Amino acid sequence: MPAELIPEHVAVVMDGNGRWANARGLPRTAGHEAGEAALLDVVAGAVEIGVKHISAYAFSTENWKRSPEEVKFLMGFNRDVIRRRRDEMNEWGVRVRWAGRRPRLWASVIKELEIAEELTRDNDVCTLTMCVNYGGRAEIADAARAIATEAAAGRLDPRKVTEKTVQKYLDEPDLPDVDLFWRSSGEQRTSNFMLWQAAYAELVFMDTPWPDVDRRSLWAAVEEYARRDRRYGGAVDRPGT
């Protein structure tokens, strides 16, 4: 596929772990465990075809509503996945970053994320942004709060606030806009993920549950993306077509 048809930034909603497990008579946590290999294979597939950014929705600000047992498992699981896989990511030239809120997030999870960030900070093959305790509305609200604080202190003229100003105060200001928003397991919604960055993203939904996803699934989503006509609000007359 021509390089110009490859999305620079793919946002991934890794959905269907619990349903995959329950369909097999297993606890929901077994689905999360099975999804680890899927994420690694997707990152490997991104490296192979030249995707520069993968943002993975690992734990949302709404996921705290789940049972205490599942929340506890997901906290420990995210921490351990990062610890287990950071050296592998580093060998592949993948930079690992974290987007999300600190409050409520386990200190041990933050520690592992920060270690991975430091270890891989100079890598430039691909960037994997782990979105842990992340929510699109929360990110925008936090940016608005920071902007209001700067304005109240006289360091920012509120009349000069632009989209570029808001971008500056997001979790990862230099993260490019999402080109391809990809969700597994059949649900067709964005679920509060990358709301600002995905304003003009192409949405691709697959029926495959996340534990059954691999790099070929990513490539299929990219092929669908490449067939789209991205106009960014513009339009061209094509009489007779």
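**Close-up 1. The second largest pocket of the predicted model holds about 220 Å³ of space**. This is a predicted model, in which local features need pLDDT of at least 70 and side-chain atom pairs count only at pLDDT 80 or more, while totals for chains, interfaces and linings use all residues. Residues are numbered from 1 along each chain as its sequence is written, and side-chain values use heavy atoms, with hydrogens and water left out. A pocket is an open set of points on a 1 Å grid over the protein atoms alone, where a 1.4 Å probe fits, with protein on both sides within 12 Å along at least five of seven lines, and its lining residues have an atom within 4 Å of a point; the volume is the space filled by probe spheres set on the points. Eleven residues line the second largest pocket, and Asp177, Trp196, Gln197, Ala199 and Tyr200 lie nearest its centre.

**Close-up 2. The largest pocket holds about 630 Å³ of space**. Of its 30 lining residues, Met14, Tyr57, Ala58, Asn63 and Arg66 lie nearest the centre. Two or more lining residues each come from helix 1 (17-23), helix 2 (28-49), strand 2 (53-60) and helix 3 (68-91), where helices (H or I, at least four residues) and strands (E, at least two) are DSSP runs numbered from the N terminus. Helix 2 gives the largest share of this lining, six residues.

**Close-up 3. Strand 5 (residues 180-183) and strand 6 run parallel and are joined by four bridges**. Strands pair if DSSP finds at least two bridges between them, and here Leu180 stands opposite Glu202 in strand 6. Strand 6 (residues 202-205) has Glu202 and Val204 on its covered face, whereas Leu203 and Phe205 are on the uncovered one.

Methods:
Buried means under 20% relative accessible area, exposed over 50%, partly exposed in between (1.4 Å probe, protein chains only).
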